[in-house]
Every structure is written in structure tokens, then in C-alpha cells.
Amino acid sequence: MKKYRLLVTVIIAMGIILIGTLNPITNFHKSTNLISKGIIQKDDKEKNNKEDEKSFLICIDPGHQKKGDSNPESVAPGSSQTKARVSSGATGVGTKKPEYILNLEASTVLKHILEDKGYRVVMTREAHDVNISNAERARFANEKKADVVIRIHADSLANSSKTGASILVPSKDSKYTANIYEKSDKCAKSVQEQMKKAGIQVNGVFERGDLTGFNWSQVPVILVEMGFLSNYNEDQMMSNPDYQRKLMQSIADGVEEYFMTK
Ligand SMILES: [Zn+2]
């Protein structure tokens, strides 16, 4: 009897194994697994899209435009003091290139580098023949709720020997910008550090309480003066695509560092 019982047990066990491999329920499980994997993948996609939406937004403001506009606008919200809406900017001493052209050229390089890093970028202008005042540029970035604004300019002085980049930030002591000073300054310091690392001459970070484009800003903002158009060599350098890319890469790296430690 014991032998039979063993034999019956073995046969039943084999039967169970055999049914197990052919069992349509197993196949059903396999396909449900695939479906659920598909759903998981879809969920991941949606999550990534949401993360994209959450990615930092940078507003780039290429300084000036083809024609300045000397009509007045308030230098700050509610202020009776006025300044020209937007000036026409400087011109390269050697290249004869107007600043507004150089600024947009460099800004476009910066835009692509930042987008490659995965950031969202908006520009106050992508053409020369526009009329957007400095206050309007700031309000544009406010409306977009930009995480930071990078204003791109080039310097000019009567003293043609002066060289180097400068980074301007809103004033700590101004009632208009005290609340955005700290973050702006932090971003400026990161950009300065990355510029120095790239071997670019930087003269420092300077507070400015007199700039309309800063006073109207409700979001952190820095202004990069890339160098001096009044210096023959630096004027040439700023129009050199390799130097331009190196300079913009260092700004992008600085912004990235700022976001990472924010
Ligand atoms: Zn300028």
C-alpha cells in the first residue's frame, strides 16, 4: 500500500507540474505583468513630463535693440524719477558691431547651452527691430515667473585700456530690490566663480540701484557685462565664436551651480 501511495503521490505531483506549465492562468499572469509594466512605463513618462514642467525657467534678456527709445519711463514702480525706455547701446571699437547685435548673438548661444542642460528658457527678444523698454523686459520675466533673469550686455568706456567682464546685481539697500538681492548675489557669485575657472577675466560683482531693469524685477536677476567694446582686443574676442561659447558656457555652469545649491 505504501508503494502505491508513493506512486500516486508522484503521479499527482507530476500532473500538477505539467498543468502548471500549460496553465492558461500562468500565461494570463504573464500578460497582465506586461500590461502593468506598460502602465508603469506610462506613469514614468507622465512623471518625467511633470518634472520637465517643474524644471527651472531662465529668462535671458539680450540688452538693447536696433533703435533706442528716449521716451521716459519710471525707474522703479511708483517712482516719479524717469529714464529713457531703452538706450541703443555701445559699438565695438574695432568690429564696429553694435552692442545689440553682439548681445543677441551671445544670448542665443547661452539659450542653447541652457536648453541642452534641460532648463526652460524664455527670451525678452529674438529680433533686433523691437521696442521693449527695460521695465517691460523685467515685467515680462515677472509674468513668466522666471527662476532667474540673465541680462546680457557689453561695456564701453572712454578709457580704451580697461578690460574684463563684470557682473551687476540689484542693490541690497534699495526698497525695490532688497528682497531679490540675496538670491541674485548668490547666482552672480556662482557665475563669477565659473568664469574664473574658465580663465575669463572678471572684475567683480557690483550692486546697482539705478537700473530700471533691476528695480522692476520681482525675481532674482543678474546682468553680465561680457567685456569692453571700447578695448580693441576684447571687442574682437567677444565676437570670436570660440570665446563667445566659452563665456556663455561659464555663465550656464554658474547658473546650474546656483540652482543646485539653491
Ligand atoms: Zn548695454
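Is Tyr119 buried or exposed? In this predicted model, where local features require pLDDT of at least 70, side-chain atom pairs count only at pLDDT 80 or more, and totals for chains, interfaces and linings use all residues, Tyr119 is buried, with a relative accessible area of 12% (buried means under 20% relative accessible area, exposed over 50% and partly exposed in between, with a 1.4 Å probe and protein chains only). Residues are numbered from 1 along each chain as its sequence is written, and side-chain values use heavy atoms, with hydrogens and water left out.

The protein chain comprises 8 helices and 8 strands, taken as DSSP runs numbered from the N terminus (helices, H or I, of at least four residues; strands, E, of at least two). Of its 262 residues, 43% count as buried. Among the contacts in the protein chain with a separation of 6 or more, 78% are accounted for by residues 24 or more positions apart, a contact being heavy atoms within 4.5 Å.

A search of the whole structure finds 4 aromatic pairs, where rings of Phe, Tyr and Trp (its six-membered ring) pair if their centres lie within 6.5 Å, and planes under 30 degrees apart count as stacked, over 60 as edge-to-face and the rest as tilted. In one of these, the ring centres of Phe56 and Tyr119 are 6.4 Å apart and the planes stand at 50°, so the pair is tilted. This pair links distant parts of the chain, since Phe56 belongs to the loop between α2 (24-54) and β1 (57-62) and Tyr119 to the loop between α3 (99-116) and β4 (120-123), 63 residues apart. Phe56, at 27% relative accessibility, counts as partly exposed. The rings of Tyr258 and Phe259, with centres 5.4 Å apart and planes at 40°, are likewise classed as tilted, and both Tyr258 and Phe259 are buried. Phe56, Tyr119, Tyr258 and Phe259 form one aromatic cluster.

The zinc ion has as its protein donors His64 (NE2), Glu99 (OE) and His153 (ND1), which lie 2.1 to 2.2 Å from the ion; donors are N, O and S atoms within 2.8 Å of the metal (3.2 Å for Na, K and Ca), and sites may look incomplete because water is not among the atoms. Along the chain, the donors of the zinc ion follow the spacing H-x34-E-x53-H. Glu99 in helix α3 and His153 in strand β5 (residues 148-155) link distant parts of the chain, 54 residues apart, and both Glu99 and His153 are buried.
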